[in-house]
Amino acid sequence: MTGRKKVKGRILPHDIIEDILSRVPVKDLLRFKAVSKQWEATISDPGFAEKHLQQYKKSSSWNLIAWEEWPLLKRMNVAELKNNNLNFLSAIEHSSEYSSGYGILCDCDGIYLKLSKLLDGIKTYVVWNPSCRAYIEFICPKEVNDSYRSGRTLYGIYYNPVMKDYKVVIADTTRYAVFSCRYRKWSEVKEIEGIPQNGSCDSGVSCNGSFYWPLVQRRGGHIVDFDIICFDWKDEMFNTVVLPEFKGNSRIFNLTSCGGHLRLVENSRPNEMRMLKYIEGDEIDSWMECKAKMPIPYRSPFPICWLSEDEILLDFKRMPDFLLYNVCKNTLDILLIL
């Protein structure tokens, strides 16, 4: 009988294991918690979550798309963009404790803010992380909650890297408050100063820790004027952003972000889009413009997000599928959900 030699394996240092795990998708991390108590402690540590988030932001592969199903809004669908197709991965059901017919108000780093309940004028909100099925439920301060007017309530969620804390800001026309997800409590209600009062606010976008909203004025279905409102995470105050030249007569005005830059998409003609990138300088901020004519005359495309410097994901209300537009190649592909 031939004897067998035992080969001693080397134990990897903990910092190397942590670095490897920080590059693993969230879905696999949830399974890896069962490998050992040490791995479970590492993956559950807030410091590891911060490291994993930074690795995610450095990644050039923005290929996971998530959306809610209308009209019930009871679950989140997740698909992977691959070879110009959306490969369906999973459907994540909302917890029955807070599932409702209200859609997503805003998001940041795959974490979503939803309106959970509306009872006797009191709004209950939930911050939901579908990747680990965790959520936090809270009620908005009465001083802000009672001043609600349609189209003038601002909802934002952002990440404070100093406090390592996701925060929610809710504001009406005059006051606002900030909720800490880490400490589960609200800040004091503060007054808003220096923000334009005309127009209505569309959904905003998180970029570099701050949150931005478009404030638009419409007449006859067209946008006649606009402002961009910013909530700065450093001082937790509102201000306005330097605006690009506005030519008027637009139907769609949308903010997205990509590569650490705020992006503006404007649609004024059936097949023409005007795209701008916000450049923050040491002394002067500016906008870099790029015009694009789509090869097919779709009307009023709704920009969802930028997947790279050249590709933008679009949604059209009259179509069941998403479309991928490449600015440089001037190609428009229908993404089939497989």
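Predicted model: local features only at pLDDT ≥ 70, side-chain atom pairs only at ≥ 80, totals over all residues.
1. K164 sits in the loop between β8 and β9. Phi of K164 is near 55 degrees, a positive value in a residue other than glycine. Most residues other than glycine have a negative phi. Is K164 buried, partly exposed or exposed? The relative accessible area of K164 is 42%. Buried means under 20% and exposed means over 50%, so K164 is partly exposed.

2. D109 is another residue to check by eye. The loop between β4 (104-108) and β5 (111-119) holds D109. Phi of D109 is near 55 degrees, again a positive value in a residue other than glycine. D109 has 26% relative accessibility and therefore counts as partly exposed.

3. Now the chain as a whole. The secondary structure comes to five helices and 25 strands. Of the 338 residues, 41% count as buried. Take the contacts with a separation of 6 or more: residues 24 or more positions apart account for 41% of them.

4. Which strands pair with β10? Strand β9 (residues 165-171) does, in the antiparallel sense, over five bridges. V169 stands opposite V178 of β10. β9 and β10 form a hairpin, with three residues between them.

5. Strand β11 (residues 185-186) also pairs with β10, antiparallel, over two bridges. S180 has K185 of β11 as its bridge partner. β10 and β11 form a hairpin with four residues between them. R184, in that turn, has a positive phi of about 55 degrees.

6. Strand β12 (residues 190-191) runs antiparallel to β10, and two bridges join them. Here R175 has E191 of β12 as its bridge partner.

7. The aromatic side chains come next. A pair of aromatic rings is described by the distance of the centres and the angle of the planes. The count comes to 15 aromatic pairs. In one of them, the rings of Y125 and Y155 have centres 5.7 Å apart and planes at 50 degrees. Planes under 30 degrees apart count as stacked and those over 60 as edge-to-face, so this pair is tilted. The pair links distant parts of the chain, with Y125 in strand β6 (residues 122-129) and Y155 in strand β8 (residues 154-160), 30 residues apart. Y125 has a relative accessible area of 1%, so Y125 is buried. Y155 comes to 12% relative accessibility and therefore counts as buried.

8. Why is the pair of F138 and F179 called stacked? The ring planes lie at 15 degrees, with the centres 4.1 Å apart. Stacked requires planes under 30 degrees apart, so the pair of F138 and F179 qualifies. F138 is buried, because its relative accessible area is 6%. F179 counts as buried, because its relative accessibility is 3%.

9. One aromatic cluster is formed by Y158, Y176, F211, W213, F231 and F238.

10. S206 lies in strand β14 (residues 205-207). Its relative accessibility is 15%, so S206 counts as buried. What does S206 touch, leaving aside residues up to four places away in sequence? The contacts are D107, C108, I157, F211 and S257. F211 is also one of the residues of the aromatic cluster.

11. Last, the second largest pocket, which holds about 240 Å³ of space. Of the 14 residues that line this pocket, the closest to its centre are Y212, C230, D232, N239 and E280. Three strands, β15 (210-219), β16 (222-232) and β17 (237-240), each supply at least two lining residues. The lining divides into six nonpolar, four polar and four charged residues.

How values were computed
Residues numbered from 1 in each chain as written. Heavy atoms only, no water. 1 Å grid on protein atoms, 1.4 Å probe; cavity = no way out; pocket = protein on both sides within 12 Å on 5 of 7 lines; lining within 4 Å. Points joined across faces, edges and corners; volume = space filled by probe spheres on them. Nonpolar A, V, L, I, M, F, W, Y, C, P; charged D, E, K, R; others polar. Phe/Tyr/Trp six-rings, centres within 6.5 Å; stacked < 30°, edge-to-face > 60°. Buried < 20%, exposed > 50% of the residue type's maximum accessible area, 1.4 Å probe, protein only. Pairing = 2+ DSSP bridges. Contact = heavy atoms within 4.5 Å.
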